[in-house]
Amino acid sequence: MGSPLRFLLKLFAVLIIGTALGLAATWLSVSRLSIGTVSDGPWRTSLLIGSEQSGPYLRANVALHGLFALNRGETMYYTADHDSAGGWLDGNCVYKIEGREPSARWWSITAYGADDYLMANKYGKWSISGETVQLKSDSTFVITASPRKAFSNWLPLTQRRFSLTIRLYNPGAGVVNDPANAMLPTIKRSVCL
Amino acid sequence: MRRLALWIVAALAVAAVVHYVTLIQTPGFIMKRVMMKMGEANTIHHQGRVTANSRSVVRPSPDLLYSVCPFDLTNGALHVTAPVPPGTYWSVSIFDDKTNNFFVKNDKQAKGKVDLLLTTPYVDVKRPQGAAEVVAPTPKGVVLFRTLINDEKNFAAIDAVRRKANCTFIRSRAS
């Protein structure tokens with residue numbers, strides 16, 4: 001058994017290591033919204049957000065990453081932290097977000113910093129929506145997310161790590177029923193500065 | 001060797017308990033903090049436009065105007081009334097103290113206005129005439145109004161209507 005002091009030291013070590021492991025497990029399980037998700041290209045959404053039966057893992061996830069999120073019929077939230085080629089989004093690069101208007105009563109694309117808040121910029125510009133987007137003659141759009149000012153449909157980037165969220169308010173039935181085929185825009189990296 | 005295995009099992013058991021407790025406590029802890037930041041309970045707070053300085057709730061939408069009523073129904077109920085701003089997306093949603101969304105109504109469903117009595121089975125409150133009763137699963141939580149700024153030109157008009165929403169506390173007769 002050894003001396004009582006050694007026993008106490010070991011007990012202390014077990015408590016410290018156990019607590020550290022427990023906290024690490026919690027952190028790993030909630031640091032990224034990863035439960036019940038489906039992907040449409042680089043965009044991911046959780047089908048369980050706003051549902052009643054969601055368990056403790058999803059509950060903690062939503063509290064941290066999507067507090068006050070609404071259910072699917074009301075709003076769908078798709079988030080991307082990668083581009084369409086699978087690379088991490090990098091605020092030093094220029095991204096072309098190309099596609100057609102998604103099926104919803106109203107939509108927007110917003111850029112967020114690593115801390116899940118809007119990135120400070122002197123233009124007061126954080127999102128492009130169905131109301132503000134400039135469409136091309138074939139009804140498609142190109143949004144430019146970049147640290148340098150773009151000619152039109154510009155989403156300013158002022159942090160290295162960032163993510164994008166598409167909100168679909170009152171999404172179309174096709175999107176609600178088949179969220180993996182929402183025909184969301186592609187995110188293509190062009191040059192890096 | 002067997003003793004070492006015992007210590008490892010003990011450490012894992014501690015880890016499991018810590019993991020479970022922190023996971024279960026996370027939503028309540030976050031909700032409590034957010035409600036404190038929102039301000040006084042049982043009254044409405046019309047928040048300003050969302051900017052990079054809006055840091056009380058993660059991933060806010062810069063296209064929405066948020067009005068919130070953090071509530072505490074321990075000693076009464078909350079009368080929630082609001083006109084629906086015309087021509088734009090609007091919704092009222094209610095969350096319990098563990099972040100569950102138990103009620104939502106949008107502008108199309110509300111037909112011009114909402115008039116709700118948010119209550120619990122434990123209080124005795126006279127229901128205001130015309131108010132629909134909504135039972136909250138927990139005495140504390142948040143009522144959240146979202147109003148879309150669908151056009152900058154309409155901002156002043158939209159903002160004026162959303163500021164007519166109200167939350168009035170009605171004290172329980174029994175307590």
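Which residues is B:Leu144 in contact with, leaving aside its neighbours within four places in sequence? They are A:Phe68, B:Tyr66, B:Val68, B:Ser93 and B:Phe95. Two residues are in contact if their C-beta atoms, placed from the backbone, lie within 7 Å.

This is a predicted model; local features need pLDDT of at least 70, side-chain atom pairs count only at pLDDT 80 or more, and totals for chains, interfaces and linings use all residues. Residues are numbered from 1 along each chain as its sequence is written, with chains lettered from A in the order in which they are written.

**Between the chains**

The contact takes 46 residues from chain A and 39 residues from chain B. On the side of chain A that touches chain B, H1(A) gives the most, with 13 residues. Helices here are DSSP runs (H or I, at least four residues), and strands are runs of E (at least two), numbered from the N terminus.

**A helix pair**

The axes of H2 (residues 56–65) of chain A and H1 (residues 2–38) of chain B come within 8 Å and cross at roughly 30 degrees. Axes are lines fitted to C-alpha atoms, for helices over the stretch in contact, and angles run from 0 to 180 degrees between N-to-C directions. That makes H2(A) roughly parallel to H1(B), a term for angles under 35 degrees.

| Helix | Contact residues |
|---|---|
| H2(A) | A:Pro56, A:Tyr57, A:Arg59, A:Ala60, A:Ala63, A:Leu64 |
| H1(B) | B:Leu23, B:Ile24, B:Thr26, B:Pro27, B:Ile30, B:Met31 |

By class, this contact has 10 nonpolar, 1 polar and 1 charged residues. Ala, Val, Leu, Ile, Met, Phe, Trp, Tyr, Cys and Pro count as nonpolar, Asp, Glu, Lys and Arg as charged, and the others, Gly among them, as polar.

Note on methods: Angles under 35 degrees count as roughly parallel, over 145 as roughly antiparallel, 65 to 115 as roughly perpendicular and the rest as oblique.
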